[in-house]
Amino acid sequence: MMLVTIACSLIAFFSCRCTLFPDDNLIMKRIDYSGNELRTDGYYYRQVEGKTYRRTIVMFLFKNGIVLEAGSFSTHDLSKVEEKMVGDYKYLYKYKSGWGLFSVDLNAFQYEEWAESPSGASLSTYKYFGYIENDTTIHITESYYSGKNETKQIDEVWHFKQFDNKPDSTNVYIK
């Protein structure tokens, strides 16, 4: 009986997440991107490596001002990343996390996306600031995390790769 009560409580908790623990709202407004400072006919990626891991993180920029961080893959081989990524596209639309907005102002670049909050009960937002080195390289130097109301200095360089098989930016989270 106690197990049933706990299970029902957990179901109620997680099904009420949207009302009890609402997700943060994006602060940025969606603005179509019509510039030529950055390429949008593929994806941007950054590669990280530690003692026990190698990862490639992928981000798409769309002409309608939407950004999608499409995942982290356990390889630096971009052909393997692309194969896995395309196979996972259907999952991108099931989750709000990773979707967001970006803007360009001369060579300044910023984007904001939803991410898991520390409690896991809702989504917070991350906002990233940096600059455009050229049309295929973005350098992110600062991040702000709403879940902890915290700004950090960071050093992330994103490189562009042309890619014809982009996902669709249409989603239920951003109008």
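**Exercise 1. Decide for Y111 and Y128: buried or exposed?**

Solution. Step 1: take the cut-offs. A residue is buried under 20% relative accessible area, exposed over 50%, and partly exposed in between (1.4 Å probe, protein chains only).
Step 1: apply them. Y111 and Y128 are both buried.
Step 2: note the source of the values. This is a predicted model, where local features need pLDDT of at least 70 and side-chain atom pairs count only at pLDDT 80 or more, while totals for chains, interfaces and linings use all residues. Residues are numbered from 1 along each chain as its sequence is written, and side-chain values use heavy atoms, with hydrogens and water left out.

**Exercise 2. State how many aromatic pairs there are, and describe the pair of Y111 and Y128.**

Solution. Step 1: use the rule. Rings of Phe, Tyr and Trp (its six-membered ring) pair if their centres lie within 6.5 Å; planes under 30 degrees apart are stacked, over 60 edge-to-face, and the rest tilted.
Step 1: count. The rule gives 13 aromatic pairs.
Step 2: classify. The rings of Y111 and Y128 are 4.6 Å apart, centre to centre, with 20 degrees between the planes, so the pair is stacked under the cut-offs.
Step 3: Y111 is in strand β5 (residues 108-116) and Y128 in strand β6 (residues 123-134), 17 residues apart. Strands (E, at least two residues) and helices (H or I, at least four) are DSSP runs, numbered from the N terminus.
Step 4: widen the view. Y111 and Y128 belong to one aromatic cluster with Y33, F102, F109, Y126 and Y145.

**Exercise 3. Explain why T125 counts as buried, and list what T125 touches.**

Solution. Step 1: T125 lies in strand β6.
Step 1: T125 has a relative accessible area of 5%, and therefore counts as buried.
Step 2: contact means heavy atoms within 4.5 Å. Leaving aside neighbours within four places in sequence, T125 contacts D24, N25, L26, E112, E113, W114, Y144, Y145 and S146.

**Exercise 4. Find the partners of K96.**

Solution. Step 1: a salt bridge needs a side-chain nitrogen of Lys or Arg within 4 Å of a carboxyl oxygen of Asp or Glu. This rule gives 8 salt bridges.
Step 1: one of them joins K96 and D23, at 3.2 Å from N to O. The pair links distant parts of the chain, 73 residues apart: K96 is in the loop between α4 (89-92) and β4, and D23 in the loop between α2 (17-20) and β1 (42-49).
Step 2: K96 is partly exposed because its relative accessibility is 22%. D23 also has 22%, so D23 is partly exposed.
Step 3: a charge sits over a ring if NZ of Lys or CZ of Arg is within 6 Å of the ring centre and within 35 degrees of the ring normal. The charged end of K96 sits over the ring of W114, 4.5 Å from its centre.

**Exercise 5. Trace how strand β3 pairs with β2 and β4.**

Solution. Step 1: two strands pair if DSSP finds at least two bridges between them.
Step 1: strands β2 (residues 54-61) and β3 (residues 66-73) run antiparallel, joined by 6 bridges. L61 has V67 in β3 as its bridge partner.
Step 2: β2 and β3 form a hairpin with 4 residues between them, and G65 in the turn has a positive phi of about 85 degrees.
Step 3: β3 also pairs with strand β4 (residues 99-105), antiparallel, over 3 bridges. Here L68 has W99 in β4 as its bridge partner.
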